[in-house]
Amino acid sequence: MLRYAVQRIIWAVFLMWLVTLFTFFLLHLIPGNPAIVMAGIGAKKAQIHALEVELGLNKPLSAQYWEYLLGLVQLHLGLSAVTRDQVSTDLGHYLPVSLELIVISFTIYVVLAVGLGAWSARREGRVAEALVRVSAIVGSGMPVFWVGAMLQELFFARLGWLPQGGQLGITASGPPHVTGVYLIDSAIAGDWATFGQTAEHLVLPVATIVIAMLAVGLRSTRASVFQELRRPYVRTAEAKGVRGARLMVVHIMKNALNPVISTLSLQFGYLLGWVALVETVFSWPGIGLYLYNSIQNLDYAPILAITVLVSGVFIVVNLITDLVYPLLDPRLRDRQA
């Protein structure tokens, strides 16, 4: 087991290095000069050159990449040409806002996917079960930005029930900063008006993400539970009087978890990519919108930092998943011993 864990960690580090290598050189192949953006309209050549020297853009790409790696190890992510702040400072502001959206969306997704998947497996062939499956498949088949736009059209433009976007209303001010997560900060401050307004602004972006993801998790859970329901041990447990929630949670889900966890971990990685689209559609001021603005302005440092951050989270989540598998399935643990 220890040898397997070490191998997976080494492989994860190697993948992270490949991500930095590929992203850095691909980004620098795109025509453009961040120093020109940073200098502004009407800047003289001398000013642009001075900024190129300051940013290290006058050096060979190999030297720039080495300096980038050294800075990455020290968590020095460079200077944003747009905000004029350190990228690490910008991420400290934008990341909690995205985490609020990501954690709430993924939690609701997991509960619905696992719950509805297990429920539909027990009700194979019924009309309600078929409707749930078809609805989930239709929702996940639509582009996430289109789903968001349609929800805005229905619930904001036509019904007027929910806000179109943003984290708070235009005239509202955020709660005192503690964590950067408005739901938590407003609860700490006892500001329930801001708490309610933040929750209201979260409804549409969260719904967009959940609708786009739901079918995959639901199908995976349903297939895994459906397979376990036909195992001999289920009939034995039922013969002993074990039924309902106890049978599902204690016996069936315990054995059905591995493929479900694999699917959920992959979906979490996709979620990190979809957040950029959802935040752009709903003007949600997180790292996705920050990335979108950086791409528009060819701002190298934030693009690199966010790409490495998202890739790193994806790799770490999959690494944890690989390490959890043997703990859930003794057969895998014996095979890797």
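Which residues form one aromatic cluster? In this predicted model, the cluster is made up of Phe24, Phe25, Tyr65 and Tyr68.

How accessible are the two partners, buried or exposed? Phe106 has a relative accessible area of 17%, which falls under the 20% cut-off and therefore makes this residue buried. Tyr109 is buried as well, with a relative accessibility of 0%.

Phe106 also pairs with Phe268, and here the geometry is edge-to-face, because the planes stand at 80 degrees, with the ring centres 4.9 Å apart. The angle decides the class, since planes over 60 degrees apart count as edge-to-face. Whereas Phe106 sits in helix H5, Phe268 is found in helix H11 (residues 244–281), so this pair ties together parts of the chain that are 162 residues apart in sequence. Phe106 and Phe268 are both buried.

With helix H9 (residues 192–229), H5 packs at an angle of about 35 degrees, and the two axes are 5 Å apart. The crossing of these two helices is right-handed. What kinds of residues make up the contact of H5 with H9? The residues there divide into 23 nonpolar, six polar and three charged.

Where is Asp299 placed? This residue lies in the loop between helix H12 (287–296) and helix H13 (300–328). Although in a loop, Asp299 is buried, with a relative accessible area of 2%. Which residues does Asp299 touch, once neighbours within four places in sequence are left aside? The contacts are with Leu79, Ser80, Ala81, Val82 and Ser294. The C-alpha atom of Asp299 is also 9.7 Å from that of Thr83, a residue 216 positions away along the chain.

Terms used
Residues are numbered from 1 along each chain as its sequence is written. This is a predicted model: local features need pLDDT of at least 70, side-chain atom pairs count only at pLDDT 80 or more; totals for chains, interfaces and linings use all residues. Side-chain values use heavy atoms; hydrogens and water are left out. Buried means under 20% relative accessible area, exposed over 50%, partly exposed in between (1.4 Å probe, protein chains only). Rings of Phe, Tyr and Trp (its six-membered ring) pair if their centres lie within 6.5 Å; planes under 30 degrees apart count as stacked, over 60 as edge-to-face and the rest as tilted. Helices (H or I, at least four residues) and strands (E, at least two) are DSSP runs, numbered from the N terminus. Contact means heavy atoms within 4.5 Å. Axes are lines fitted to C-alpha atoms, for helices over the stretch in contact, and angles run from 0 to 180 degrees between N-to-C directions. A crossing is left-handed if the near helix is turned anticlockwise from the far one by less than a right angle, and right-handed if clockwise. Ala, Val, Leu, Ile, Met, Phe, Trp, Tyr, Cys and Pro count as nonpolar, Asp, Glu, Lys and Arg as charged, and the others, Gly among them, as polar.
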